[in-house]
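Reader: I am new to this structure. Please show me how to read its features.

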Amino acid sequence: FLGSYKEVKERKYIHAASDRYDESDPDRIRAVRDKRYKYIRYYDRDNPMFLHVGYRDRMTTMRELYRLKKTNKLSKAQALWFRKTKPSEELFDTNNDPHEIEDLSMDTKYDSIRTRLSDELDRWLRENEDLNMIPESDLIKRFWPKGQQPTTSLPVIKWDSINRVELSCATEGATIGYKINDDTSWRIYTRPFILKDDDRLSVIAHRLGFKSSAQLEM
């Protein structure tokens, strides 16, 4: 599915990142793994390992976990998720421990592996200009000129003699949505479509981080 972006040479490492956690506080985590070992680095160590998410709290499985926690009946592995703080780092052997339960980061036998993966993570952070340590107020200034949120450009509607409609937007990276007649939700525009003579068309454009465009009606 990567098309022209597919790596010509097989990658030795895969990197992962987490920064925001829905309505919870920022929770910055970086990870890297090879075919066997996974190294995780935690930046917000005062955060609990488990963070609340409203929709998940209402799930049957989560309610059962809360019940077990309240009655001190969590297994050792389950209790790891409810730790009140995070370690600075973790290392797992995913071949022998696919559920990542046994942390090997303090075991001296794995020092060379931990160091290798930690160094690889540092390299990736440098080369990809990771922004996890920059305050959000500074990020806003960087993303929004003069700190003002930009607005997505109005979509452009073109149609020909057979009522074939083409939509476009000058804002790079914008998504265009449209409704026909009494649609209850927006359709994502991907290709030209045909309108009937008496169809009503609504069009709007939005880019993540921008204000939405005005809505056009035809």
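**Reading the model**

Author: Start with a helix. Glu 127 and Arg 123 both sit in helix α4 (residues 111-127), four residues apart, about one turn of the helix. Helices (H or I, at least four residues) and strands (E, at least two) are DSSP runs, numbered from the N terminus. This is a predicted model: local features need pLDDT of at least 70, side-chain atom pairs count only at pLDDT 80 or more, and totals for chains, interfaces and linings use all residues. Residues are numbered from 1 along each chain as its sequence is written, and side-chain values use heavy atoms, with hydrogens and water left out.

Reader: What does Glu 127 form with Arg 123?

Author: First the general idea. Side chains of opposite charge can pair when their charged atoms come close. A salt bridge is a side-chain nitrogen of Lys or Arg within 4 Å of a carboxyl oxygen of Asp or Glu. Glu 127 forms one with Arg 123, and their closest N and O atoms are 2.6 Å apart.

Reader: Is Glu 127 buried or exposed?

Author: Buried means under 20% relative accessible area, exposed over 50%, and partly exposed in between (1.4 Å probe, protein chains only). Glu 127 is exposed, at 58%. Arg 123 is partly exposed, at 27%.

Reader: How many salt bridges does the structure hold?

Author: The structure holds 19. Take Asp 19 and Arg 30: their closest N and O atoms are 3.0 Å apart. Asp 19 lies in the loop between β1 and β2 (29-33), and Arg 30 in strand β2, so the pair ties together parts that are eleven residues apart in sequence. Asp 19 is partly exposed, at 26% relative accessible area. Arg 30 is buried, at 2%. Asp 19, Arg 30 and Asp 130 are linked in a network of salt bridges.

Reader: Which residue forms a salt bridge with Arg 83?

Author: Glu 90 does, with the closest N and O atoms 3.3 Å apart. Arg 83 counts as partly exposed, at 29%. Glu 90 is buried, at 4%.

Reader: Which residues make up the largest nonpolar core?

Author: A nonpolar core is a set of buried Ala, Val, Leu, Ile, Met, Phe, Trp, Tyr and Cys residues joined through side-chain atoms within 4.5 Å. The largest has twelve residues: Ile 157, Val 165, Leu 167, Ile 176, Tyr 178, Ile 180, Tyr 189, Phe 193, Leu 195, Leu 201, Val 203 and Ala 205. Strands β6 (164-168), β7 (175-180) and β10 (201-206) each supply at least two residues of this core. Apart from it lies another core, of eleven residues, among them Tyr 37, Leu 91, Tyr 110 and Leu 121.

Reader: Where does Thr 152 lie?

Author: Thr 152 is in the loop between α5 (136-143) and β5 (156-159). Thr 152 is buried, with a relative accessible area of 4%. Look for polar atoms around its side chain. A polar contact is a pair of N or O atoms within 3.5 Å; within protein, one must be able to donate a hydrogen and the other to accept it, and residues adjacent in sequence count only if both atoms are side-chain atoms. A polar side-chain atom of Thr 152 lies 3.2 Å from the backbone nitrogen of Arg 207. The backbone oxygen of Lys 211 lies 2.8 Å from a polar atom of the Thr 152 side chain.
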